[in-house]
Amino acid sequence: NYEANISQKDIETLADNSIPENTMYIRKDKVFVNVSQKGNLVPEELNIKKEKAKDYIDLKESLKNTINMQLDINSDESILNSERKTLNKKYEDFVKKYGPLNKTQNRSQIVKDRDGYLTLTLEEDYKQEIKPDNKRGLKPRKESFAKADILTKRTITPQQEIQTSNSEEALIFSLNTKGLVDIDYISKITNINSQTVSKILR
């Protein structure tokens, strides 16, 4: 699914080490992901049109924003609702233009991106169309799919952040929630600087 039609000069021009590995991005009207080659990140061209890639990138960023807002206990519910509506609109627009996310061609392109499988969860119960074939005994079936809940309602309820002034309690919380002694976490929930926490717990 890659197009090997960029020169070494193009590679040097397009390389951007600030973009994480396997993250879809657009340069000079072409779509790329950075792949690791001999310890360096090198752009490889993807067989997907710029407009479609842009629509996908906008969709996945809206999904990530919605998830992060749900995880933030301080998020304003009205702003979250607005972002969810934006996400739903971007999803509907994508499907209208290109078909369901899990349609074979769309899926094969989307999973080239590191957040592709996450984005595909916007859709549930995808069933491919089956055309009738009497010889093979196949009955016709229309393509079908359903929207995931995150497009219409909150799916994550954040836990109230723990606060304590007792470093021993904080140690127990750290062991219960993280399975280890996390000095930075203990420092955060006690408002005691990490150096002092280290001395207390010795």
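Colleague: Which residues is Leu 101 in contact with, once its neighbours within four places in sequence are left aside?
Modeller: Leu 101 is in contact (heavy atoms within 4.5 Å) with Leu 59, Tyr 91, Phe 94, Asn 106, Arg 107, Ile 110, Thr 119, Leu 120, Leu 122 and Glu 123. This is a predicted model, in which local features need pLDDT of at least 70 and side-chain atom pairs count only at pLDDT 80 or more, while totals for chains, interfaces and linings use all residues. Residues are numbered from 1 along each chain as its sequence is written, and side-chain values use heavy atoms, with hydrogens and water left out.

Colleague: And the largest nonpolar core: which members touch the most others?
Modeller: They are Met 24, Leu 59, Tyr 91, Phe 94, Leu 101, Leu 122 and Ile 150, out of 24 residues in that core. A nonpolar core here is a set of buried Ala, Val, Leu, Ile, Met, Phe, Trp, Tyr and Cys residues joined through side-chain atoms within 4.5 Å. Buried means under 20% relative accessible area, exposed over 50%, and partly exposed in between, with a 1.4 Å probe and protein chains only.

Colleague: Which elements give two or more residues to this core?
Modeller: Strand β2 (30-37) and helices α2 (50-71) and α3 do. Helices (H or I, at least four residues) and strands (E, at least two) are DSSP runs numbered from the N terminus. The largest share of the core comes from α2, with six residues.

Colleague: What lies apart from that core?
Modeller: Another core, of six residues, lies apart from it; Tyr 185, Ile 186, Ile 189 and Val 197 are among its members.

Colleague: Let us turn to aromatics. How many aromatic pairs are there?
Modeller: The structure has two. In the pair of Tyr 25 and Phe 32, the ring centres are 6.2 Å apart and the planes stand at 35°, so this pair is tilted. Rings of Phe, Tyr and Trp (its six-membered ring) pair if their centres lie within 6.5 Å; planes under 30 degrees apart count as stacked, over 60 as edge-to-face and the rest as tilted.

Colleague: Are Tyr 25 and Phe 32 buried or exposed?
Modeller: Both Tyr 25 and Phe 32 are buried. In the pair of Phe 94 and Tyr 98, the centres are 4.8 Å apart and the planes at 55°, so that pair is tilted too.

Colleague: Where do Phe 94 and Tyr 98 lie?
Modeller: Both are in helix α3 (residues 77-98), separated by four residues, about one turn of the helix. Phe 94 counts as buried, with 2% relative accessibility, and this residue also belongs to the largest nonpolar core.

Colleague: A change of topic, the backbone. What is phi of Asn 22?
Modeller: Phi of Asn 22 is near 60°, a positive value in a residue other than glycine. Asn 22 sits in the loop between α1 (8-14) and β1 (25-27) and is partly exposed, at a relative accessible area of 30%.

Colleague: And phi of Asp 125, what is its value?
Modeller: Phi of Asp 125 is near 55°, again positive in a residue other than glycine. Asp 125 belongs to strand β4 (residues 123-127). With a relative accessible area of 56%, Asp 125 is exposed.

Colleague: Finally, in which strand is Leu 41?
Modeller: Leu 41 is in β3 (residues 40-45) and counts as partly exposed at 22% relative accessibility. From Leu 41 to Thr 152 the C-alpha to C-alpha distance is 38 Å, and the two are 111 residues apart in sequence.
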